[in-house]
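Me: I've got a model open and I'd like to learn how to read it. Can we go through it feature by feature?

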Amino acid sequence: MSAHEMTTIDGCMHVLKSRDLRQALYDEAALMMEHALVNLHGAEHRARRNVEAKVFRKDVFLRYEKEVLPATLEETIAPYLEAGRGDLVDIGYRIMMNLTVDFTGIDRAERSAEETEELIRLLKEFSLAPALGQSRGDDVEDKKARIRAAMATFSERFLEPSIARRETLIADVEAGRLADDALPRDVLTMLLREREAIGLSEEALLQEGIFYVLAGAHTTIHSLSHAVHELLTWLDAHPEDIARLREDPFFIQQCVFESLRLHPSSPVARRRALCPVHLPEGEDIAAGDAVTANLYEANRDETIFGADAGSFNPRRHVEGKVAPHGVSMGMGMHACLGRNLAIGVEPRPGTSADDHQFGIVPLIVRALLQAGVRPDPEGKARKDETITRITWAEYPVLLRPEEALL
Ligand code: HEM
């Protein structure tokens, strides 16, 4: 069996769109991800995705943008504003953790600081799983034990009570005691309503709940810190764009797309051939062969993004079939379901800012700019280079609303 790698936009698109190639990135993480949506294929994947997609509607997203996010932001940023400083990664964890568990359908019964801390701790333990394939052999068993322990805690403390509450509500709706629109609009409720129809086991329900927390929170947190860093660095070098930041309501979203292109939260996607596959780029993939779609490299494809493809430039115009964020949100059957929630919809000429979907990451960046975010000269930002997806591990910032650019 041989391995293949695609490093161009066209090559990656073909890999991601081929139905004869199945998910292979999470083979080592089977203990936590075997039954998660992103690891399913064919009819099973389609049936599950169709059920979950019902929650990913424009009206649900706009409610998150206009009601849920502003309240969460205010509550989360307040202590940092009072202190005048904080850590960007830390702030991201606190905002996104609560939003994501809400969207997934995990109740925070206490809404206490300790409860949020525990969820963040669990999220960090879960994030060990997708990287197991790149772990050194000697610590794999130790990491697996930590993941299993975190799964058990999550199930007992968070998932089981959330399932029980929703099952009671669903029974009330079915008996006519409660109106249908009184049910929570989250992924867990949707899955429980269709549980028999799509044959969802307990293990699958647990893995799906965990996958959503990971897919929703982890990706956005790291996209947020990259975007703030790139934007502040750009404005330092191009102070003339501060006027654009103030006048163009879509500029921040454009910066988030550009940052996401350079920093895909997963640098690669991986698939395995179910039968012989011929890729238009000339590669022949034998059944059983693995194919890597190198999203990081493809997003730097100079034939698509120009000679300066390797650098951050929010003035860039990308023509044609490719999104401004490249292939960072995936494509084909596993294309990110949370895309519009996370980064919004691409504005078109004539788009009005009033009912535009900006996405949670651009809106958080805006709120941080309004809070006067800037790197703390006394702190030292540090990247986590121990994993294949390079992220900011620490990013100390000052929050000075009186010096805000917005
Ligand atoms: C900036 C933030 C995000 C990034 C960069 C991102 C990226 C991705 C990528 C690359 C994939 C495809 C994986 C593959 O092909 O193997 C994916 C799938 C997925 N994402 Fe996201 N994602 C983000 C935010 C979210 C959010 C907020 C949610 C949910 C609330 C979400 C839910 C999902 C789901 C459910 C899938 C699996 C879809 C399927 O297998 O059919 N994502 N995401």
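Me: Let's start with pairing in the sheet: which residue stands opposite V291 in β7?

Reply: Strands of a sheet pair through backbone hydrogen bonds, either parallel or antiparallel. In this predicted model, H4 is the one facing V291 of β7. The strands involved are β1 (residues 3-6) and β7, paired in the parallel sense over 4 bridges.

Me: And how many bridges join β4 to β7?

Reply: There are 5 bridges between β4 (residues 268-273) and β7, and those two run antiparallel.

Me: Is β7 mostly covered or mostly open?

Reply: In a regular strand the side chains alternate between the two faces of the sheet. For β7 (residues 290-294), 4 of the 5 residues are buried, which leaves the strand mostly covered.

Me: What about helices? How many residues of α16 are buried?

Reply: A general idea to start with: an α-helix has 3.6 residues a turn, so residues three or four places apart point the same way. In α16 (residues 360-370), 8 of the 11 residues are buried, so the helix is largely enclosed by the rest of the structure. Those buried positions are I360, V361, P362, L363, I364, V365, L368 and L369. They pack against several elements, including α4 (58-83), α5 (88-104) and α10 (202-237). Just past the end of α16, G372 takes a positive phi of about 75°.

Me: Which residues have the most contacts inside the largest nonpolar core?

Reply: F126 and V365, in a core of 81 residues. Helix α10 gives the most to this core, 14 residues. Setting aside neighbours within four places in sequence, F126 is in contact with M32, I147, A150, I210, V213 and L214. Another core, of 17 residues, lies apart from it, with M6, V15, L25 and A293 among its members.

Me: Is E203 buried or exposed?

Reply: E203 has 12 others within 10 Å, so it is exposed. You'll find E203 in helix α10. For a sense of distance, E203 and D139 are 64 residues apart in sequence and 25 Å apart in space, C-alpha to C-alpha.

Me: Last one: which residues come nearest to the ligand?

Reply: G216, T219, G330, C336 and G338, out of the 26 residues around the ligand. The elements giving two or more residues to this shell are α10 and α15, and α10 has the largest share, with 5 residues. Sorted by class, the shell holds 14 nonpolar, 11 polar and 1 charged residues.

Notes. Residues are numbered from 1 along each chain as its sequence is written. This is a predicted model: local features need pLDDT of at least 70, side-chain atom pairs count only at pLDDT 80 or more; totals for chains, interfaces and linings use all residues. A residue is buried if 20 or more other C-beta atoms lie within 10 Å of its own, exposed if 12 or fewer, and partly exposed in between; C-beta atoms are placed from the backbone. Two residues are in contact if their C-beta atoms, placed from the backbone, lie within 7 Å. Two strands pair if DSSP finds at least two bridges between them. A residue is near a molecule or strand if its C-beta atom, placed from the backbone, lies within 6 Å of it. Ala, Val, Leu, Ile, Met, Phe, Trp, Tyr, Cys and Pro count as nonpolar, Asp, Glu, Lys and Arg as charged, and the others, Gly among them, as polar. A nonpolar core is a set of buried Ala, Val, Leu, Ile, Met, Phe, Trp, Tyr and Cys residues joined through C-beta atoms within 7 Å.
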